[in-house]
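Subject: Structure handover

Hello,

Here is the structure for your files. My notes on it follow below.

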Amino acid sequence: ASDKGAAPVPQREPLLLWLLICAHSPSDPPGAGSSIVRCLGCLGPLIHPVLGEIWGAPSTRLQSLTAFLEENGPDCADVWPLALAQEVRFFLSSLPEHDDLPGRL
């Protein structure tokens, strides 16, 4: 079967950056943040195997972030960037020493 009609698969690094940039402002538009965090959970294993390990079930890391957004809505604007930055730091610190992903971001 030919895959000429298949949509191109985005590169991992730009996809991760795009999702993180969009997640930075979770209330614009309302509800976008929790949807983006859910996308990160679904696409994590495709972006990097370590994301699949730390964000996949039975992990509750992203579920906790989603619940926080849904409970606090626009009131979380001060805390949310710190929570997201903490999650990104955790991911980067979980990468093997020889991984070149941080240099490609």
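Leaving aside residues up to four places away in sequence, which residues does T66 touch? Please keep in mind that this is a predicted model. The contacts of T66, with those sequence neighbours not counted, are S34, V37 and R38. T66 is part of helix α4, which covers residues 61-72. Its relative accessibility is 8%, and T66 therefore counts as buried, the cut-off being under 20%.

Next, the aromatic residues. The structure holds 1 aromatic pair. It is formed by W55 and F91, whose ring centres are 6.5 Å apart. The planes of the two rings stand at 35 degrees, so the pair is classed as tilted. W55 belongs to helix α3 (residues 49-55) and F91 to helix α5 (residues 80-94). The pair therefore ties together parts that are 36 residues apart in sequence. Both W55 and F91 are buried.

There is also a charge over a ring: R61 lies over the face of F90, at 3.6 Å from the ring centre.

Last, the surface. L17, I21, L92 and L105 make a nonpolar surface patch of about 330 Å². Of these residues, L17 lies in helix α1, residues 12-23. L17 has a relative accessibility of 34%, so L17 counts as partly exposed.

Regards

Technical notes: Residues numbered from 1 in each chain as written. Predicted model: local features only at pLDDT ≥ 70, side-chain atom pairs only at ≥ 80, totals over all residues. Heavy atoms only, no water. Patch = residues over 30% accessible without salt bridge, like charges linked within 9 Å, V, L, I, M, F, W, Y side chains within 5 Å. Areas by Shrake-Rupley, 256 points an atom, 1.4 Å probe, with all protein chains shown as cover. Salt bridge = Lys/Arg side-chain N within 4 Å of Asp/Glu carboxyl O. Helix = DSSP H or I, 4+ residues; strand = E, 2+ residues; numbered from the N terminus. Buried < 20%, exposed > 50% of the residue type's maximum accessible area, 1.4 Å probe, protein only. Contact = heavy atoms within 4.5 Å. Phe/Tyr/Trp six-rings, centres within 6.5 Å; stacked < 30°, edge-to-face > 60°. Lys NZ or Arg CZ within 6 Å of the ring centre and 35° of its normal.
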